[in-house]
Amino acid sequence: MRTPNLRQIEAFKAVIETGTVSRAAELLSISQPAASKLLTHLEQDVGLELFDRRRGRLVPTERGMRLYEEIDRIFTGVNQINRAIESIRREEHDRLLVGVMPGLAGPFIGRATVGFLKRHPKAFVSISARSSQFIADWLMARQLDVGLITMEVDHSHLAVEPLLSLPLVCVMPQGHPLERKSRVTAQDLAKEPFVSFREGSRTRSQVDAVFRKQGLAPNTVLDASLATTVCELVAQGLGVTLEHPLLLESVRGRVSVRPFDPPSPLDFLLCRPREARNVGLVDAFIEEARKTAAEISTELLNS
């Protein structure tokens, strides 16, 4: 076994993240044969089968994904170093480092940032979309000034407050028979194909608990790790789901939404270090985030 070189690792990471060798080659500014050669040499050097070859496509194996997770963790550490260097170069009082979970990394964070920059046009905003655990860790290490997450955090160095507490709503494809109901119950959903979040997520645990309390279980036919994917699967007619209204922006106009009984509130949490830098900027950003959350939720629920 030989130690892989950096170019092999970059090619491997690019294929996983772009989905194809051709896109990875474009990203790395090399030819497709050169990218394929790097991947072949990587597998030979590490002695692991990292991809299954299926009809000309590369599908990561379980070992391949485990290696990718470690590589991504290392590259994340390098990026933290780059952010630290950039932070030193810029004036601290004009810089705001924001961490946001992927479900809120689209229209929500865009609108909140636009509103914030209208009030603070000279501020520089750096946004990182990562899992709640990553964001919590970075906040504790003071790599971020404010974070939006779902997981509960209990740490003496972090101040935590809810962003917007709203009950889960039933999301269904347009034209679904449940559109006729003004409110949807667990009994209504028990026999419907259900699109769920992956096990271990906060939303999945909450939904399972709601059904369990009624002596029922969702008829899960698909699951996904990201809210955007869950919503897209519903929009494509593959089932129904329960979701926080704030995460429905990507499928607005392509799904129908109904209140769910019994109400099951889900909070997004705003976190910041107690010894925060740029307190004024953090306060202003949080205020704008609250305003944006309320606006989007009202728009979606009234549409």
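Residues are termed buried when their relative accessible area is under 20%, exposed when it is over 50%, and partly exposed in between, as computed with a 1.4 Å probe on protein chains only. The structure is a predicted model, in which local features need pLDDT of at least 70 and side-chain atom pairs count only at pLDDT 80 or more, whereas totals for chains, interfaces and linings use all residues. Residues are numbered from 1 along each chain as its sequence is written, and side-chain values use heavy atoms, with hydrogens and water left out.

Helices (DSSP H or I runs of at least four residues) and strands (E runs of at least two) are numbered from the N terminus. Buried positions in α3 are Ala 35, Leu 38, Leu 39, Leu 42, Glu 43, Asp 45 and Val 46. Viewed down the axis of α3, these buried residues fall within an arc of 165 degrees, and they therefore line one face of the helix; the arc is that of the directions from the helix axis to the C-beta atoms. The exposed residues Pro 33, Lys 37 and Gln 44 are carried on the face of α3 turned away from its buried side. The buried residues of α3 pack against α1 (6-18), α2 (21-28), β1 and β2. At the start of α3, a side-chain oxygen of Ser 31 comes to within 3.2 Å of the backbone nitrogen of Ala 34, while Gly 47, which follows the helix, has a positive phi near 70 degrees.

Strands β1 (residues 51-54) and β2 (residues 57-60) pair in the antiparallel sense over four bridges, pairing being assigned if DSSP finds at least two bridges between two strands. Asp 52 has Val 59 of β2 as its bridge partner, and in this hairpin, with two residues between the strands, Arg 55 adopts a positive phi near 50 degrees.

A nonpolar core is a set of buried Ala, Val, Leu, Ile, Met, Phe, Trp, Tyr and Cys residues joined through side-chain atoms within 4.5 Å. The largest such core has 42 residues, of which Leu 104, Phe 108, Leu 148 and Leu 163 touch the most other members. Helix α10 provides the largest share of this core, nine residues. A second, separate core of 20 residues includes Ile 9, Ala 14, Val 15 and Phe 51.

Conventions. Contact means heavy atoms within 4.5 Å. A polar contact is a pair of N or O atoms within 3.5 Å; within protein, one must be able to donate a hydrogen and the other to accept it, and residues adjacent in sequence count only if both atoms are side-chain atoms.
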